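Please read it alongside the sequence and the 3D view.

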Amino acid sequence: MTFVSPMPSREFLWDVFQRVDKDRSGAISADELQQALSNGTWTPFNPETVRLMIGMFDKNQSGTVSFEEFGALWKYVTDWQNCFRSFDSDNSGNIDKHELKTALTNFGYRLSDNIVEMLVRKYDRLGQGTIYFDDFIQCCIVLYTLTSAFRKYDTDQDGIITIHYEQFLSMVFSLKI
């Protein structure tokens with residue numbers, strides 16, 4: 001399943017960028033981005049998700065997102081929003097374990113119910129057995145990043161790797177998660 005949103009005009013993006021860039025620095029910080037994003041719960045957007053997204057689109061490692069980088073970030077968040085809504089089958093504004101399993105299966109993951117339940121527990125910041133939009137993004141980014149790192153060692157694609165402890169530590173600590 002692919003979710004592709006049309007890219008808004010440069011003028012529209014510039015208008016949004018200027019409204020988000022509260023300090024008029026010409027770049028969007030994690031704090032500014034967090035304040036601009038909505039997770040649908042009237043609570044602040046997950047700061048860890050914001051940090052991950054800034055890291056993904058901050059090409060010059062400045063810790064901020066320039067206007068040029070902002071367009072890609074906007075599209076990324078919009079695509080995730082469309083994706084989230086498509087799997088929120090009961091339109092509750094959150095994803096439960098069944099909806100998460102459906103989403104992850106559609107993304108190509110074959111995870112046991114125990115792992116899906118563990119993911120819900122890990123990314124359920126409110127303790128309600130559900131995951132909100134911002135935590136869904138974080139869950140998917142982390143799962144993708146860990147899976148990509150694992151696949152580098154799983155050369156025969158059988159789902160099993162043999163690595164030394166220091167290789168494991170090196171793999172995990174080198175990840176941007």
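In this predicted model, helices H1 and H4 are roughly perpendicular to each other, because an angle from 65 to 115 degrees counts as such and theirs is about 100°, with the axes 10 Å apart. From H1 (residues 10-20) the contact draws on Arg10, Phe12, Leu13, Trp14, Val16 and Phe17, while H4 contributes Phe67, Glu68, Phe70, Gly71 and Trp74. By class, the residues of this contact divide into eight nonpolar, one polar and two charged.

Phe17 and Phe67 form an edge-to-face pair, since their ring centres lie 5.5 Å apart and their planes stand at 75°. As Phe17 belongs to helix H1 and Phe67 to helix H4, the pair ties together parts that are 50 residues apart in sequence.

| Residue | Relative accessible area | Class |
|---|---|---|
| Phe17 | 1% | buried |
| Phe67 | 12% | buried |

Across the whole structure, a search finds 14 aromatic pairs, and ring pairs link Phe45, Phe57, Tyr76, Trp80, Phe84, Phe87, Phe107, Phe133 and Phe136 into a cluster.

The largest nonpolar core has 41 residues, and Met53, Leu100 and Phe136 are those with the most contacts inside it. At least two residues of this core come from each of H1, H3 (47-57), H4, H5 (97-106), H6 (113-123) and H7 (133-153), with H4 giving the most, nine residues. Leaving aside neighbours within four places in sequence, Leu100 is in contact with Ile95, Val116, Leu119, Val120, Ile131 and Phe136.

Key: Residues numbered from 1 in each chain as written. Predicted model: local features only at pLDDT ≥ 70, side-chain atom pairs only at ≥ 80, totals over all residues. Heavy atoms only, no water. Axes fitted to C-alpha atoms, helices over the stretch in contact; angles between N-to-C directions. Helix = DSSP H or I, 4+ residues; strand = E, 2+ residues; numbered from the N terminus. Parallel < 35°, antiparallel > 145°, perpendicular 65-115°, else oblique. Contact = heavy atoms within 4.5 Å. Nonpolar A, V, L, I, M, F, W, Y, C, P; charged D, E, K, R; others polar. Core = buried A, V, L, I, M, F, W, Y, C linked by side-chain atoms within 4.5 Å. Buried < 20%, exposed > 50% of the residue type's maximum accessible area, 1.4 Å probe, protein only. Phe/Tyr/Trp six-rings, centres within 6.5 Å; stacked < 30°, edge-to-face > 60°.
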